[in-house]
Every structure is written in C-alpha cells, then in structure tokens.
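Keep the sequence and the model side by side as you read.

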Amino acid sequence: MATLAEPATGTGLDQFRTEVREWLAANFPASLKGKDNTMSAVEGPTEETPDQAAWRKAMGEKGWGVPTWPREYGGGGLSRAEAKVLADEMAKAGAWNPIGGMGVMMFGPTLLEYGNEAQKREHIPAIAKGEVRWCQGYSEPNAGSDLANLQCFAEDKGDHYLVNGQKTWTSGGQWADKCFCIVRTDKTQKQGGITFLLIDMDTPGVEVKPIQMISGMSPFCETFFTNVKVPKENRVGEEGQGWTIGKRLLQHERTNLSGGGSRLMPSGPSLAEIAKNYVGADAEGRVADPDLRARIAKWEMDWRAFLLTAMRVQAESKAAGGVSEVSSILKTVGTKLGQERAELLIEIQGHEGLGWEGEGFSEAQLKGTRAWLFGKATTIYGGSTEIQNNIIAKRILGMLDHQ
C-alpha cells in the first residue's frame, strides 16, 4: 500500500533543501511575502508589479511552478519528495507559487498524456512559465450535467474545422488567451461524436459576455462561436476521442477543486483562533461557547482526515499512472467541508460576517462574505455533487442502473 507521503529526508533531499533555501533567499522578493497568485484570482488577473513579474519569471525559468512536470517541457522534473521539500521551504519563506490557472490545474496534465509531441512543445512551456491563460469550453445552456449532450458543432473543412455554437460558465473566458474545448463533430453519436479542440480566443468569431454572480463578481461568461476557424493541428487526439480526453481532464479538475492539494487549504488563523477573538475564551483558553467549540473541533477532525485521505489517494493514483474516478469522492467531500467552514466562519463573526460594503467592516470580513457566497457554487461546477454520486455509485461501487 502506498504511504501517505514520501519522507522528505536523506542526504540527497537535505542537499536539495539547502539549494531551495538559497535559491528562495536570492530570488523571492520580500515584498511578496504572503501574497496571492495573480494568475488564479477569481476576480480576474491584476496588473503585475515589477516584483511579481520578476518572481513569476524566476519560478518559470526554474520550472518550479510545475515542479513534477517533465523538465524537457519546462517543468521542474522533481520527484514527489523533492516537490514536498520545495513546498515546505516556500511555506516557511512565505513564498507563493506564481504559476497557476487552468493550464496548470487541468489542461497541462491532460495534454502531457494525450497531446502529440508538437502540441506539448508548443503549449506546455508557456503554461510552465505562466505566460498564457487558458479557459474551459465545456458546459452549454442545454448541456451541463448531461455534458455529452453538447451541440457546439465543428464542421470538417479539410485543413480546418469551422466551429459554431455556444458555451456557458466559461471561467476566466474574458481574460483568457486560449480555450480547451469539446465540440461535436458527429451528430449520429453521443459520446463518440465529441472531439477535443484548442481555440485561440482572439480568433474572429469568438465573443464573450461576462455573467455576474450573487457575490458581485463576474469570474465567468457566455462564449459564442460564429464560423470560427480552428486548424486541424489544434485537435488533441483523434476525432471522436474528445469524450475520453474530456473526462480525464475533469478528473484533474475535481482533484484540484476538492482541496486535496494545498491550493485550497485554509490559510491564516484557524477557526478556533478566530472564534476566540469574536466570542472569547474560557479560563482554560478554549473557545468560550462549548457548542461552537465542539463543532469547530469536529470540522477540524473531518478536514484533517480528508487531507490524509487525499494524500493517500494521490500517492496511489501516482503509482497507478494518474488520477482516477476517486477524484469524485475528493470533490464531493472537499467542497462540502469548504462550505461548512465558510458557514462556521459567518456564524462566528455574527453580523460582522455579513458585510457587503461601507464602513464598519474590515477588508477580511468583506472578502469573507463574498467567499462564502462564491463557495455555494463549488458543489455545482466541475460536476455537481449529484453527478459525482452517480460516478461513485457506478464506477467505484460497481452499482448498475436497473430498468
């Protein structure tokens, strides 16, 4: 059985740890300590400061933004143990990974598996350096949960496809450079008629319309394709293989959305520390409200158990050659725990946790309100909880539909 994590010890790893510390000391700008990754901000990209640009360039050239990706395509070529050392030392230095977005989360790992050599050489290095923003063209107005019902059509024109149709919930579409998209190339088959294409967002005929959320943000949009020409070399895999490739990409997405990686792990003060500031502490230094204290303790135990499970699953998946249907379990549990934490935080803060704008609220409180509302979507996008439960029942538990 795979272990929870590779031990980050040994002479070789100790030498690597020293290398990482020295490199971070020389390259990580102190002004960026504790800052966020501008590439992955849901509100959209912000203009880079000179320090941010220098940090992204340094990490990109080193390949450490995608530490375990092959070095030949711009990745770090590190082992999992080395990647853990890197993550540990970055955390100690208050450093953050400036390379992110959908290219790292979903498309890159999928292209490494299914792309041809020319496609890998063209796209992976730019992702590894944080030079290109990608968006996802999957859902349509009548093809969300039933994604295989998509109707966006790509007509074969010899050396190119002519794409017509609509996508919706295109996260970051208004800021993206390129789109990985599943389209229909055969109307006589459902799953078998789907093909995976790469579309430049500045191609004539591509139009985006942002959608505003209840949180006040517009992190995604409707995307319209009108006679959009897509070169044949932008097809990943064979025609009709898009459903297989698209499902694989979703497994990478669900693993990331679950919080199984460090990307979505809560940072900053713990719930207990925050609660002590709002409701006080008892004589023993515990959260004063015993009921709230018990629920915070339960959430902490559930979250830590989830993280250990995620670590084990990732180790087993790595040994087996990649992500699997187990990503549906991680997505279902991880997003639920994320919502529970947001609800607890709002309860702890009371009326101060419901601020929207104006005086009387801190920046953290206003961001918390929006994060709480934004989090309601996590059990829907990337495949709703109901869809994940179906996958778990059929693909993991072996339960079949009965007519």
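A residue is called buried if its relative accessible area is under 20%, exposed if over 50%, and partly exposed in between (1.4 Å probe, protein chains only). Tryptophan 55 is buried by this rule, because its relative accessible area is 0%.

This is a predicted model: local features need pLDDT of at least 70, side-chain atom pairs count only at pLDDT 80 or more, and totals for chains, interfaces and linings use all residues. Residues are numbered from 1 along each chain as its sequence is written, and side-chain values use heavy atoms, with hydrogens and water left out.

**Cysteines**

How many disulfides does the structure hold? It has zero. A disulfide is a pair of cysteine sulfur atoms within 2.5 Å. Cysteine 135 is in no disulfide, and its nearest cysteine sulfur belongs to cysteine 179, 3.9 Å away. Cysteine 135 is buried, at a relative accessible area of 0%. Cysteine 179 is buried as well, at 1%.

**Aromatic rings**

A pair of aromatic rings is described by the distance of the centres and the angle of the planes. Rings of Phe, Tyr and Trp (its six-membered ring) pair if their centres lie within 6.5 Å; planes under 30 degrees apart count as stacked, over 60 as edge-to-face and the rest as tilted. The whole structure has 12 aromatic pairs. Two of them are set out here.

| Pair | Centre to centre | Angle of planes | Type |
|---|---|---|---|
| Tryptophan 23 and tryptophan 64 | 5.1 Å | 65° | edge-to-face |
| Phenylalanine 28 and tryptophan 55 | 4.9 Å | 65° | edge-to-face |

Where do these rings sit? Helices (H or I, at least four residues) and strands (E, at least two) are DSSP runs, numbered from the N terminus. Tryptophan 23 is in helix α1 (residues 11-27), while tryptophan 64 is in the loop between α2 (50-62) and α3 (80-93), so their pair ties together parts 41 residues apart in sequence. Ring pairs link Phe16, Trp23, Phe28, Trp55 and Trp64 into a cluster.

**Charges over rings**

A charge sits over a ring if NZ of Lys or CZ of Arg is within 6 Å of the ring centre and within 35 degrees of the ring normal. Lysine 232 lies over the face of tyrosine 161, 5.1 Å from the ring centre. Arginine 370 has its charged end over the ring of tryptophan 356, 3.8 Å from the centre.
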